[in-house]
Amino acid sequence: MSNTELIIIAIALAMDAFAVAVATGVALKRVSPRQTFRLSWHFGLFQGMMPIIGWLLGVKVRTFIEAFDHWIAFALLGYIGIKMIREAFEDEAEELKDPTKGMSLIMLSVATSIDALAVGLSLSVLGISVWWPALVIGLVALGFTFMGLQIGKRAARARLLSTSAEVVGGVVLLVIGFKILWDHGAIPY
């Protein structure tokens with residue numbers, strides 16, 4: 001696998017993380033350096049770890065994981081998306097739950113990196129070492145997450161989406177979940 005192919009794969013894998021980061025930035029409106037670090041670090045870490053896990057699992061479980069990986073990603077993204085939409089209509093006196101903390105962070109990290117698991121499985125089948133690709137995939141995801149948060153934060157500050165930021169963020173997560181199902185052929189045409 002050439003470095004060009006690896007970069008293209010890493011960018012493709014980072015698109016979900018980027019979209020979720022934009023939605024998170026819009027929902028939060030103000031993103032602290034700590035939140036930026038947490039989300040970028042976790043998305044990059046999970047994107048880098050999943051190919052390694054997939055590679056270690058190897059050929060034996062590939063067909064088992066491929067059968068439902070898209071449903072896991074959909075369920076995690078759907079849960080967070082619906083939660084964000086629901087919270088948008090709750091009393092504003094309640095503080096917005098920070099998606100860069102706790103179980104929300106873990107679920108988003110897993111949901112946006114499930115496809116990287118399949119890449120690791122593919123590398124295993126092809127007999128390609130996983131260490132360099134995992135590092136590149138993780139760093140690209142970290143960078144795209146950072147950029148996505150900044151774009152989302154600026155969009156919210158510009159008041160383009162500020163009145164319904166949480167709803168928009170939740171809908172984006174649901175759309176990503178449905179897109180994953182569509183890409184895997186789980187939604188009939």
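The model is predicted: local features need pLDDT of at least 70, side-chain atom pairs count only at pLDDT 80 or more, and totals for chains, interfaces and linings use all residues. Residues are numbered from 1 along each chain as its sequence is written, and side-chain values use heavy atoms, leaving out hydrogens and water.

**Exercise 1.** Compare the span of helix α5 with its expected span, then locate its kink.

- Helices here are DSSP runs (H or I, at least four residues), numbered from the N terminus.
- α5 covers residues 102-126, 25 residues in total.
- The expected span is 1.5 Å times one less than the number of residues.
- From first C-alpha to last, α5 reaches 36 Å, close to the expected 36 Å.
- A kink of about 45 degrees is centred on Ser 113. The bend is the angle between axes fitted to the seven residues ending at a residue and the seven starting there.
- Just after α5, Gly 127 has a positive phi of about 75 degrees.

**Exercise 2.** Is Gly 148 buried or exposed, and which residues does it touch?

- Gly 148 lies in helix α6.
- Its relative accessible area is 0%, so it is buried (buried is under 20%, exposed over 50%, partly exposed in between; 1.4 Å probe, protein chains only).
- Not counting residues up to four places away in sequence, Gly 148 touches Phe 18, Ala 21 and Val 22. Contact means heavy atoms within 4.5 Å.
- The C-alpha atoms of Gly 148 and Ala 19 are 6.7 Å apart, across 129 residues of chain.

**Exercise 3.** Work out the accessibility class and contacts of Phe 146.

- Phe 146 sits in helix α6, residues 131-157.
- Its relative accessibility is 43%, so Phe 146 counts as partly exposed.
- Leaving aside neighbours within four places in sequence, Phe 146 contacts Thr 36 and Ser 40.

Technical notes. Helix = DSSP H or I, 4+ residues; strand = E, 2+ residues; numbered from the N terminus.
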